[in-house]
Amino acid sequence: MRIEMVVSPQAPAAAPTACQVRCAGCRGILNVPPGIMEFRCPKCKLPQMLPPELRPPPAPSSLQAIEPSKAQLPCANCRALLNVPHGLERFICPQCHVELAVDLSKLQQYLNAIGAARDSPAGPTTDIDEVNEAALEVEREEDEGGSVGETFTDYRPSKLSIGPSHPDPVVETSSLSAVQPPEPTYELKLLADIEEAKVLSCLQLETIIYASQRHMQHLQDGSRAGFFIGDGAGVGKGRTVAGLVWENWQHQRCKALWLSVGSDLKYDARRDLDDVGASLVEVHALNKLPYGKLDSKAVGVKEGVLFLTYSSLIASSEKGKSRLQQLVQWCGPDFNGLLIFDECHKAKNLVPEAGGQATRTGEAVLEIQARLPEARVVYCSATGASEPRNMGYMARLGLWGIGTDFPSFQVFLGALEKRGVGALELVAMDMKARGMYVCRTLSFKGAEFEVIEVILEADMQNMYNKAARLWAELRKEFMLTISTLYDCEKPSSSQLWRLYWASHQRFFRHMCMSAKVPAAVRLAKQALEEGKCVVIGLQSTGEARTEEAVSKYGNELDDFVSGPRELLLKLVEENYPLPLPASTLYEELGKEGTKRRHFRNNNIPGRRRSRKVKKPDDEVDSEEDFETESDAESGESMEGSKTCRICCSEDSSKLSIECQDCEASVHYVCIPLTSTGPCSEWRCPPCDEAQRMYINQLQVRYERALERKLKCLDAIRSFELPNNPLDDMIDQLGGPDAVAEITGRRGFLVRAANGKGVVYQSRSTKDVAMEMVNMHEKQQFMDGRKQVAIISEAGSAGVSLQADRRVSNQRRRVHVTLELPWSADRAIQQFGRTHRSNQACAPEYRLLFTNLGGERRFASIVAKRLETLGALTQGDRRAGPSLNAYNYDSVYGKKALALMYRSIMEQCEAPVVPPGCSVDGDWVPRDFFKFARAALLAVGIIRDAVLGDNPEKDFGKPSGRIPEADTHDVARFLNRLLGLPPDVQNRLFEYFVSIFDLLLSDARREGHFDCGIVDIKAHSIELQERPKTVHVDPMSGASTTLSILKVDRGLTWEAAIKILEQNDAEKRPNNGFYESKREWLGRAHYLLAIYWPKSMSEVYRIFRPANGEALREMPEDELLSKYSKLTSLEMAEKKWQDEYNITDEQCMHGPKCKVGSACTVGRRVQEMFILGGLILPVWGTVEKALSKQERISHRRLRVVWLETSSDNQRIVGLHIPNPAVNAVISGLSQMQAATQRNDGAHPPEV
């Protein structure tokens, strides 16, 4: 019997989805429809029940309770068994809320069938479909994406043919190269002069034209549209911006604001303007100008470029005048000149992570744009759009706000983070299609990369181990001392430990850097001998520690300052929790009852506590209503005379005084003449003696604590620690006369002339002011007077140190990274200092790393990314291995950390076997967890642990806790990890990475991992017809197109045999053709397995007749357990050809597939629908259509890249799953019709 279903228009919920379980008998995967609790395996016929954890929770409605007195009928929609009262013909299912009707003509037939099923031996079970495991595996691979193909293509403007070629090869990501910018309509006013002088390349002229064209448009909110220059480091953004300034000058827009990261870059701006012929445009440094009106007679800045840093933008005077207000006043209300944000990634933290705060810089950048709505905004950065969150300040791009699908940036960010896969690539493609974005990078062709592991030498290893123990002991010392302090002595706990852990982090990062100094010096000397010059990059200079040492010991020292030692000394000297001196503490304890409480605790007499006595209701006098406890208990009156403690008389005529501690009364005349001090502070002899004893005890306590502090300081001074790496390297490489230092520090230590000791000198001289020091040092290096340059992040931002053809020093640069930043954005910025346009030769990169923690892994990934010619996520995450997979401070990293902590605390099973452990070996997981807990306790991650010989034995479980805030704090874990001995931290890090890799693997298998752009590789890809335009952007004229392609992904028998023959040299016995051991729908599946020697484990590359090469390799044990090798090539050929032919028009699910002809799983020839061009305006429509699809795989958005076989046409866009195509086209048609009604335009063809 079947219940006829009538779907009510107001049905609020969709039907629940089926679940998959493994058969308890044959171990096959079964697809159980929703609502079915008992079923029978179609292969082994074993009756079984759905596990309780997979059953849906019972609804509150009583209709779901099975009552034999009523008819038990299944819902036609969700298959839940319902108790239907006799006579009820129409009702609503309480589980899926669909309106149902009972078909009385089929009721008796259904009841008879149910009765027969109950009488059968198998019981009331339901036959269900078995899941085709091979099809499931193929579907997961197709969801994950294709293999990585060509990442970059040579770049030349596609719609312009003006200007000379760029002096160096420039490339663009393949995805962006497949997107065409709009037609250029702007005419350059300075074109003739520029073309004749040939000072701007075709790339730079293209940027100027599109930026000027974009600036002629306005957004829906009335503000002028902005432009984003995302070119990589060294392409020539500075000269492009200078050309843009000069073009606007020709249009009488003679005021411009130019923001950058350092005041030194003002001279680069001046040079670039001179190069493009704009010598008459003045450049004014804002930091040299007073607060007040800039265009006043006193200051006289009427026009030109006002150059300022991001720090100046948020600065204000002592009188409260702000630079931002000064700039707005100078520009005026109708300002329509350039507002240039160079190196705009400095404002990226406008929208911070949860729990963070927006930076003042980000807020100021957003505010000045809002206050100058007609300004022509230009954003410049090689890494400005590395993450969608970092684009919050780019309000002038028009990606969100009025007239878009995203009313605010938070909605825009939420949409991208929700979809994830390819989101940033979509944004980059969209911006280029609208003519507001260019993103090219220099080709790294010719550059060499080498990752060099620096093994800690024995002395350094020993020093590191001792340092780790020292910090652990220092933490115990602090904790023990704090526990002995009174409340009034205790320092602020949060402030103390914040300082402690900050110093801890700096100390060990410094140790890591010092360990690499010998290797860096050795590489530098070798390069100099080979006729090359050297650039050494680091992040920190240790200037603060040097200046503290100089202020403490003077300008002449015995040796270079040890940064770690000075840091430790400062921490102990300024923050050791000393008790107060006795006299000071006694005064503190004497304030407002505190002293009396401590005196009682130490059996010292003091004032008795007073209490308030309630008056009777009829008592209305105004007498004092307080009395002491002793008075109240004895009933004595406070007004009576008191007995003198000395003469024992009660003579009220004599003046009496009281002991300030015990309140004993004496006559003043009876006090011995030896007593001293004012009468108000008089104590009786017993109290006076007790006080002296107590003060002596406090003094002894203070002196002992001071002695411990001094011992700590002596131990630190005697501890062998490395010198400041920067000073050490300069000294070993020939001193300041041979090394150019381009950093942010003001002074340095040099060897004394007599060779004894070192002397502190200022970097500035009589001839070179401090603000010009870095420019002077750079020029010395570029002229060849110095062959070594050492750069820091603070001093080298935007600096060009390449082998420029215009300078004397054209030796090949050897760029050594002594300290690699954890942020890949910053790493790319540093590498861009030595690889820039117009260079005579490409640099050599030497990436140094120690064998500590995750430094090696991170260095390797950055090197691989550089080798593939890319800067971080410049519109295409295929530009090298995705750093998402190695970004530990990510969603997966946080999950891995929480899982690791839980397993270490034995709150859950270990997800992987810990390193060096085995279930039955000498080192079992429980031993590792105990070892890990001790390590985490030593660095303060585990807190409140019970200390003792064996606390876990006493309590039966691990003691201590990990605060909730720390369970997902990956940065804290990595920083604290450095404070452990090398072998300990490496083991912990290896365990963390193993869990991290497991989560990534699971995410990839389930299709949740953000794999970016997917390359569709196939035997044949052909465009079926001309792409159809489905939407047109009214502002830029850019369109959204729908392309239909026929894709044949099959692998012919001839091609398969060729692959086998090419790999036959390996002589692996398991290479060959295989047949699945199981059949689905009477059909087995076939594959070719080839051993993969590049893997660390025994895995095989997999090739299938219908899909070609699989994405992932298959482990040998999995291959042999699921497949049987075919020994006959004739049989293999027949089976291969059969599957190749049958998958031409049929998916792997067979002819009865529930999805029908739209299913493409394992189908060799299929149609693909690609939505290309402008995507963001139609995002909401596409998302709405996909959300209604039944299968999860049909709801995913994927950005794909294809190249047609016949004409090599590149197509990049959103892949629309076949079952959702009609819904998407229908939604886009409605959207275009609405646009036509609003704009009065004719709709394009759909």
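Mentor: Before we start, the expected span of a helix is 1.5 Å times one less than its number of residues. Keep in mind that this is a predicted model.

Trainee: How far apart are the end C-alpha atoms of helix α6?

Mentor: Helix α6 covers residues 237-250, 14 residues in total. At 1.5 Å a residue it should span 20 Å, and the model agrees with that. So the end C-alpha atoms are apart by 20 Å.

Trainee: Is α6 mostly covered or mostly open, and how many of its residues are buried?

Mentor: Buried here means under 20% relative accessible area. Among the α6 residues that pass are Lys237, Arg239, Glu247 and Trp249. The helix is mostly covered, with a buried count of 12 of 14.

Trainee: Which residue just after α6 takes a positive phi?

Mentor: Look just past the end of the helix for a phi of about 65 degrees. The residue there is Gln252.

Trainee: Okay, on to Glu1139: buried or exposed?

Mentor: Glu1139 is found in helix α34, residues 1129-1142. Its relative accessibility is 6%, and the cut-off is under 20%, so Glu1139 counts as buried.

Trainee: Which backbone nitrogen lies 3.1 Å from a polar atom of its side chain?

Mentor: Leaving out residues up to four places away in sequence, Glu1139 touches Arg1083, Ala1084, His1085, Tyr1086 and Pro1105. The 3.1 Å pair involves the backbone nitrogen of Tyr1086.

Key. Residues numbered from 1 in each chain as written. Predicted model: local features only at pLDDT ≥ 70, side-chain atom pairs only at ≥ 80, totals over all residues. Heavy atoms only, no water. Helix = DSSP H or I, 4+ residues; strand = E, 2+ residues; numbered from the N terminus. Buried < 20%, exposed > 50% of the residue type's maximum accessible area, 1.4 Å probe, protein only. Polar contact = N/O pair within 3.5 Å; in protein donor to acceptor, adjacent residues only side chain to side chain. Contact = heavy atoms within 4.5 Å.
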